[in-house]
Amino acid sequence: MKNNTKCEVIRDLFPSYIDELTSEATNQVIEEHLSECKDCCNILEEMKTLSVEPLVGTEETIDYLKKVRRINRRKIVTVLLSVILVIGLIGLYIVFQRGTSLYTENIHLLKVQQEDGNVQLQAKLDKDLFYISYWKIKERKLENGNVELVVDFRVAMGQGNKGMTDVYLTDKKVERVKFGDRVVWENGKDISILTNKVYETRHEFIGDAAANNKSALSIGIENVLGGFENELQTEKKPYVWKIKYPESLVDPEYAEELNNRFKRYGVIMLGVIGNLDEIEFDYWNGQQYEKARITKEEANDLLGFNVKKCKESIYYLQLAMEKNGFIAEEGPEKALGTMNSCLDKE
């Protein structure tokens, strides 16, 4: 009589047998059974056939997925190129047609005249290949009842008008004129680009070392004798800022000239730092350390007004800049020149 229990056990081993995962001893038992059992032989052959039969539609499915991926890649590339094209067209429109307000430092005020309720403004653009494409004056009321005029302008590339004359009607006193965020005129005084840059660095506390450095760099202190070190005395008044040039070597013949120059820098620093009482510059003259020092009281005497007004009003800062020789528009490195001639060449 045929042992069905043995057949069931053997058939359970067929999947591993087909995948060649069974041991030699197990293979021998299976093959001895197959030599005696035709039913199990037939079942094994059917299982082998099913295991090697390819999945219907697999190649077609893979081809379809590849095609979808290709289409998606093309769509992505098309979208990216379209975005780049749109950005490029917008850029061309801004540069050549609408214009940009990036070049505020290239617009120079030539004239401000207020008379009988009319304010006449004249300005000129000094940037090559560009012209003034848009110009509009807006009025802003100040706390004291006066007004400031803010000129919104744009410049575009191409041929066009580089000069602009405009008349604005107002019954208020015009105290200030701005080109964008830059003050160009206040209370009858033209305000330089350099003064604007220094004014932006004003701050209240000498203990803010990072802000101190911004103020110093804005006016070009590093252009005198190179890099410098800071020492702050803030434990008690007077609050003192010491600027030291450790690697300097200055011809003693120029010490007096250099001291005067440092004092002029000091006046401006005293003006834009609220609680700074005194500033000192230390450098080596080949024989000893020189100390150029100025206090806020001395700065007041030199200016003829309270130096701390420079922090509150760009008008007073401009006065201080002019009184101390900072009149160049090109930047701090040209405002007073450099002191290379003072350096000891030996």
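Helices are DSSP runs of H or I with at least four residues, strands are runs of E with at least two, and both are numbered from the N terminus. The model shown in every view is predicted.

**Figure 1. Overview of the protein chain, with 13 helices and 12 strands.** The chain has 346 residues, and 38% of them count as buried. Its exposed surface comes to about 20,900 Å². Carbon and sulfur atoms supply 50% of that area. Consider contacts between residues at least 6 apart in sequence: 63% of these join residues at least 24 apart.

**Figure 2. Helix H9, residues 255–272.** At 1.5 Å a residue, the 18 residues of H9 should span 26 Å. H9 is mostly covered, with 13 of its 18 residues buried.

**Figure 3. Packing of H7 against H9.** Helix H7 covers residues 209–219. Its axis runs 10 Å from that of H9, at an angle of about 140°. This makes the pair oblique; roughly antiparallel would need an angle over 145 degrees. The crossing is right-handed. H7 brings Ser215, Ala216 and Ile219 to the contact. H9 meets them with Tyr265, Ile268, Met269 and Val272. Residues three or four places apart in an α-helix point the same way, because there are 3.6 residues a turn.

**Figure 4. Phe262, a buried residue of H9.** Relative accessibility is 0% for Phe262, so this residue counts as buried. Beyond neighbours within four places in sequence, Phe262 is in contact with Val224, Leu225, Tyr245, Phe281, Tyr283 and Ala292. Glu280 lies 18 residues away along the chain from Phe262, and their C-alpha atoms are separated by 8.4 Å.

**Figure 5. Lys311 in helix H11.** H11 spans residues 309–312. Lys311 has 15% relative accessibility and therefore counts as buried, the cut-off being under 20%. Leaving out residues up to four places away in sequence, Lys311 touches Tyr199, Arg202, His203 and Glu204, together with Gly271, Val272 and Gly274. One of these contacts, Val272, also belongs to the set of H9 residues that meet H7.

**Figure 6. Leu232 in strand S9.** S9 runs over residues 229–233. Leu232 is partly exposed, with a relative accessible area of 33%. Residues up to four places away aside, Leu232 touches Ile206, Gly207, Asn212, Val240 and Trp241. Ala209 is 23 residues from Leu232 in sequence, with 8.5 Å between the two C-alpha atoms.

**Figure 7. A cis peptide bond between Lys237 and Pro238.** Omega is about 0° at this bond. Pro238 sits in the loop that runs between S9 and strand S10, residues 240–244. Most peptide bonds are trans.

**Figure 8. Positive phi at Glu20 and Asn187.** Most residues other than glycine have a negative phi. Glu20 has a phi near 60°. Glu20 is in the loop between helix H2 (14–18) and helix H3 (24–34). With a relative accessible area of 70%, Glu20 is exposed. Asn187 has a positive phi of about 50°. Asn187 counts as partly exposed, at 38% relative accessibility.

Definitions and conventions
Residues are numbered from 1 along each chain as its sequence is written. This is a predicted model: local features need pLDDT of at least 70, side-chain atom pairs count only at pLDDT 80 or more; totals for chains, interfaces and linings use all residues. Side-chain values use heavy atoms; hydrogens and water are left out. The expected span of a helix is 1.5 Å times one less than its number of residues. Buried means under 20% relative accessible area, exposed over 50%, partly exposed in between (1.4 Å probe, protein chains only). Contact means heavy atoms within 4.5 Å. Accessible areas come from the Shrake-Rupley method with a 1.4 Å probe; for residues, only the protein chains shown count as cover. Axes are lines fitted to C-alpha atoms, for helices over the stretch in contact, and angles run from 0 to 180 degrees between N-to-C directions. Angles under 35 degrees count as roughly parallel, over 145 as roughly antiparallel, 65 to 115 as roughly perpendicular and the rest as oblique. A crossing is left-handed if the near helix is turned anticlockwise from the far one by less than a right angle, and right-handed if clockwise.
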